[in-house]
Amino acid sequence: MLKFKSGRLTDLQYQPYYQELGIEDQPKQQQTLVGKILLAKLLELPEKTFLSGNSIAEGEHGKPYFTDRNEHFNISHSDNLVTVAVSDQPIGIDIEKIKPKQLGKLSHAFNVGEIAYLNKLHDPRKSEQILRLWTIKEAVLKELGLGLTSKPKNIEISLPRMDYAKRDGEKFKIDFLGIDHEYIGTMATKVK
């Protein structure tokens, strides 16, 4: 089972919640709120279930998990968009708004083979592939519950297909999520 859903912070349905909680000008709190509402919708539960309870906790590096359910979920946000995925196995997702990216700032995250692959490309494809590789690495680290506290460079991605990644002997299936034409969305699940 895999389900995912996205919502924009500017969607009118969320505005009453922002007003009620006094977070009209607080995008980080809005992202958290929208993530919880989307999660409730995916699980077909009342929205208040996750807004006022202790059914969600965070792991050592911030990965959220249910305290009272068997499903797994992950949340990602970028700019104005929040995406939530629910699965029957651990997952990691990452979304990034498509915008020009230069290798320089992110080169620390890529290994020699990935840098060579990217250097053969020309913009705008190069910029898009930088974002694709980045979302893969972040999704894998989120699946593991590590986030960016671990070294993204240690994740090896199958190039040019980008259909799987490896880290410390573990293999991850990579799927790109068709979320929005302005965003790249990636999901990672461990291959057993």
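Trainee: Is Lys-97 buried, partly exposed or exposed?

Mentor: Keep in mind that this model is predicted. Buried means under 20% relative accessible area, and exposed means over 50%. Lys-97 has 22% relative accessibility, so Lys-97 counts as partly exposed.

Trainee: Which residue forms a salt bridge with Lys-97?

Mentor: Look for a carboxyl oxygen within 4 Å of the side-chain nitrogen. Here the closest N and O atoms are 3.5 Å apart. Lys-97 sits in strand 6, and its partner is in the loop between strand 9 and strand 10, 85 residues apart. The partner is Glu-182.

Trainee: How many residues apart in sequence are Arg-8 and Glu-182?

Mentor: Arg-8 also forms a salt bridge with Glu-182, with the closest N and O atoms 3.9 Å apart. Arg-8 lies in strand 1 and Glu-182 in the loop between strand 9 and strand 10, so the pair ties together parts whose separation in sequence is 174 residues.

Trainee: What is the order of the strands in the open sheet of five strands?

Mentor: The pairing is antiparallel. Strand 6 and strand 7 are the edge strands, and each pairs on one side only. Seven bridges join strand 6 to strand 10. The order is 6-10-9-8-7.

Trainee: Which residue in strand 10 is the bridge partner of Asp-94?

Mentor: Strand 6 covers residues 91-97. Strand 10 covers residues 183-190 and runs antiparallel to strand 6. The partner of Asp-94 in strand 10 is Thr-186.

Trainee: At about what angle does helix 6 run to strand 6?

Mentor: Helix 6 spans residues 125-143. Helix 6 lies across strands 6, 7, 8, 9 and 10. Its angle to strand 6 is about 150 degrees.

Terms used:
Residues are numbered from 1 along each chain as its sequence is written. This is a predicted model: local features need pLDDT of at least 70, side-chain atom pairs count only at pLDDT 80 or more; totals for chains, interfaces and linings use all residues. Side-chain values use heavy atoms; hydrogens and water are left out. Two strands pair if DSSP finds at least two bridges between them. Helices (H or I, at least four residues) and strands (E, at least two) are DSSP runs, numbered from the N terminus. Contact means heavy atoms within 4.5 Å. Axes are lines fitted to C-alpha atoms, for helices over the stretch in contact, and angles run from 0 to 180 degrees between N-to-C directions. Buried means under 20% relative accessible area, exposed over 50%, partly exposed in between (1.4 Å probe, protein chains only).
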